[in-house]
Structures are given as structure tokens and as C-alpha cells.
Amino acid sequence: MQEKYIDETKQGEAFAIAEKDGNSKKLFLESYGCQMNFSDSEIVASILNEQGYNTTLKVEEADLILLNTCSIREKAEQTVRMRLSQFKNLKKEKPNMTVGVLGCMAERLKTKFLEEEQLVDLVVGPDAYRDLPNLLKETEDGRDAINVILSKEETYADINPVRLGGNGVTAYVTITRGCDNMCTFCVVPFTRGRERSRDPHSILEECRSLWENGYKEITLLGQNVDSYLWYGGGPKKDFVKASEMQKATAVNFAQLLDLVAKAVPQMRIRFSTSNPQDMSLDVFRMMAKHENICKYVHLPVQSGSNNMLAAMNRQHTREEYLDLIKKAREIVPEVAFSQDMIVGFCNETEQDHQDTLSLMREVEYDYGYMFAYSERPGTPAHKKMEDNIPADVKQRRLAEVIALQGELSRKRMKSYVGRVHQILIEGTSKKNENQWKGRNSQNAVCVFDKLEGQKIGDIVDVFVFDNTQGTLLGETVK
């Protein structure tokens, strides 16, 4: 997805899957926020499919409405509240309808939804989806139901997720849950709990199953994939207490990549999201070793200023970040990077802002996700720091960051022109039904004319002859 700026006011995405015979109830499931939420929604749909629910895209025919929510920024929460108020009116017409909130907002606000605002009947945190059948029984008996207990063990490794929507070609495979990093601006450690990793055998089994079912590309997913560490189960922080045998047989992220690449050698492999302080050069060595690991890394930095990085508790410096990029490109010269950037964090000076712009110029990201800082209740920054950058200054700095990324994106896209790329066909171009769209190894979107015999899921050699800021223009090599 080649977005330069995310519209956080847009409505969530609702998906439906094929109906299961014998199921009589209807589930409307809408997801907001990160890829992890969409992956979690597939787990929820799988659990409820076994409880008699088929998915629907028509909210008015639903017996159960669930919103899988995001707390990462204030606008995301505002959007969900507006959506819930719409359902409140619908519920007056269908009093037996159940409305629930899942995910990070559920974890952050807990009983507030039930008691103070009375918007919903059901509140379920990210680690409590297995409890949904019991919680729904509570609501059927006329009681509000809540489970927001965070787990140190839950990975949903044994649940085979249904694939909601999608193109039947690309899929997410969750490998870690939670985060230990405690960045001062971030609510994720409080809404998703401690970092824990999923059994590698279940990951390999899911990857093989996806290949057998026609999928051509997987994205290994986690709040922090580089922290993946399987030593028999439990939080990463407890690895120090592991036995010598557990430590000797532990599997880290680079080793997992190696295992997945060998298990499905014709499957394209991506991963997200990475964190600089946890990223190992062994990951790039695996990328160089295996042709099927895509040459692209989303590597959030958040700021180019050491002052801001320290204030954000990012656990790496500007110099360490740039050194990682430099060494990665020595190992994988064709690797592409994208970024997350926050402007206007507490006490950010004009020099801090200029440091961000200079870092962007040095790295030359393919694209990025850029935001003005909005404080999140419960985070260390909210508790201990003043959100003291005026809104107009934030917006001016954000505009400058977006404009610079636009220049860099156009330059990076131009570097792909005049070469042949392997493009995985993911679907029809939104702008031209006679063209395919797909991505190259570096995650750059490419559009090209459809030819007879080509179909979604094919990997095609495409000569790129031109580009726009975010798209490659190509033609099939015959």
C-alpha cells in the first residue's frame, strides 16, 4: 500500500466469507487500524463461525455487530465512537441485536463503554477472543459482558483463521503478539500486553496450508517481528529463566525466516513491523540467502533527532539507525525501506524537525506513514510530558515531512524504471479495469495492461517504462 499519509477518519472495513451450512445467525464484523487487527478479525470470525454465525456485509441484517478497534491515535477512537452511535439507533429498531467492541479500545476503556456511555453490550480485549461464546451467552441472558484480561501465553496458534475478504493471493500470518518496548507515546503495550511468540511448527503448518490453498504471498505479522523468540512458550522477558536446553534450541526471527523460506520455497515472504533496536543483521543475511524473501523492510524510526528518540524511549540513536541501514544495504543492495514518522512530539524544536528531514534525505525511503503527535491517555508521555507544540506548528512540520517524502518516493520509483521486475498480480487496477496491479519485491505498486491468459496470482515479468510518485507503469515482457 503506497499511501503517503493515512486518513484516520475513514470508516473501518467489513468483510464476509462463504456461508457455512446450518449457521442461522449473522455477524457484521468491522475492523479498524493496523494489520494485526485485521488478522485478529479472521481469528474472531473463525471462532464465531463454529458458534453458528455467518458473516454479512449488511449491518441491518446482523444479529451481532462487532467493531475491532484501534487506540493508536485519538482520531481512530473518535471514528469508532461515531460508528457506535449509528448502531445505537439501529439497536432501537432491533432490540435483540448485540453490539460489541473488540481490540485495543476495548482494552483501554474497559467498563467505560458499558457503564458510563452504555454504547455496547460486549467488551472483549485482544487476548480474550476464545471467551466470546461464553460472553455472548451472558448477553443473551440480558447481562453486559466483559473480558479484557491480558494473557502472557495466548497466541491463538491452534486456531485456523478464516480469510476475510482479500484476494485469495496474499495473507497475514501472525507470529508474535504484544510489545515490550514501552515507547513513551505508544499505547500498544497496555492494550496488547507482553511480547510472546507463537510455536514455529504451527506457523510453518499455516504457511504450507496457505500455499496448498493457492496463496502466493504471506506477511509474517507482529507488533515487533524482530523480537520473535520461541523457547517453548511464555513471554520474551522470561527467556532469562529458561533452561539451558530451551536456550540452546530457541528459534529467533532470522531462524524462523529461514524455516519458512525453506518450507514454502515458491511462496513470497514479507514481514511487518520491524523495530530498529531489535533488528538483527542476520535477518538481512536470510533475505540475501533466499530469493523468496522480499527485499523490503518497514523500519519505523519516528524521528531523526536523538533528543526526540530519547524522549520517545526508542532505545536506539540516529547514528545506530543509519548504521543499520548502511550495513543492510551492503548485505542486500536492492533492499527498500519505508518509515513511520511522528512530528510535533513533546518539546520538539525546529532543529529536531530539521534532523528528521535530514535523516529522511539520507535514507531515501520508498514511502512512509506520517502523523502529527496526539497524546494517548495512559501512556508515559501523557503522564509525564506536556503536549506543548502548537497545532499549527505540528501541521506545518507534517506538511514539510509529507512533501519531502513525496520527492523521495518519486526518486525511488524512478530508480526502478528501465528494468524488468517480477510482479505478483494481486487484482485489477482501481483506475483502469483493463490493467492489472501488483507489487515487486521492494513493495512498489506496478500497473500494466492485461494480456490474455494472465490471472490473479500469476507472477509476471514486467518491464517498467515510467513512474508516478507512488506507482510504476509497466508492460509484460513477452
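**Annotated cysteines and a buried threonine**

Leaving aside residues up to four places away in sequence, C186 touches I72 and T379, where contact means heavy atoms within 4.5 Å. The model is predicted: local features need pLDDT of at least 70, side-chain atom pairs count only at pLDDT 80 or more, and totals for chains, interfaces and linings use all residues. Residues are numbered from 1 along each chain as its sequence is written, and side-chain values use heavy atoms, with hydrogens and water left out.

**Annotated positions**
- An unreviewed UniProt entry places the feature "binding site" at C179, C183 and C186; UniProt positions follow the numbering used here, feature names are shortened, and annotations may be inferred rather than shown by experiment.
- C179 is found in the loop between β9 (176–177) and α6 (188–192); helices (H or I, at least four residues) and strands (E, at least two) are DSSP runs, numbered from the N terminus.
- C186 also lies in the loop between β9 and α6.

**Burial and contacts of the cysteines**
- C179 is buried because its relative accessible area is 12%; buried means under 20% relative accessible area, exposed over 50%, and partly exposed in between (1.4 Å probe, protein chains only).
- C186 counts as buried at 13% relative accessibility.
- Not counting residues up to four places away in sequence, C179 touches V188, P189, G193, R194, E195 and Q223.

**Threonine T98**
- T98 is located in strand β5 (residues 98–103) and counts as buried at 12% relative accessibility.
- Beyond residues up to four places away in sequence, the contacts of T98 include D63, L64, I65 and D121.
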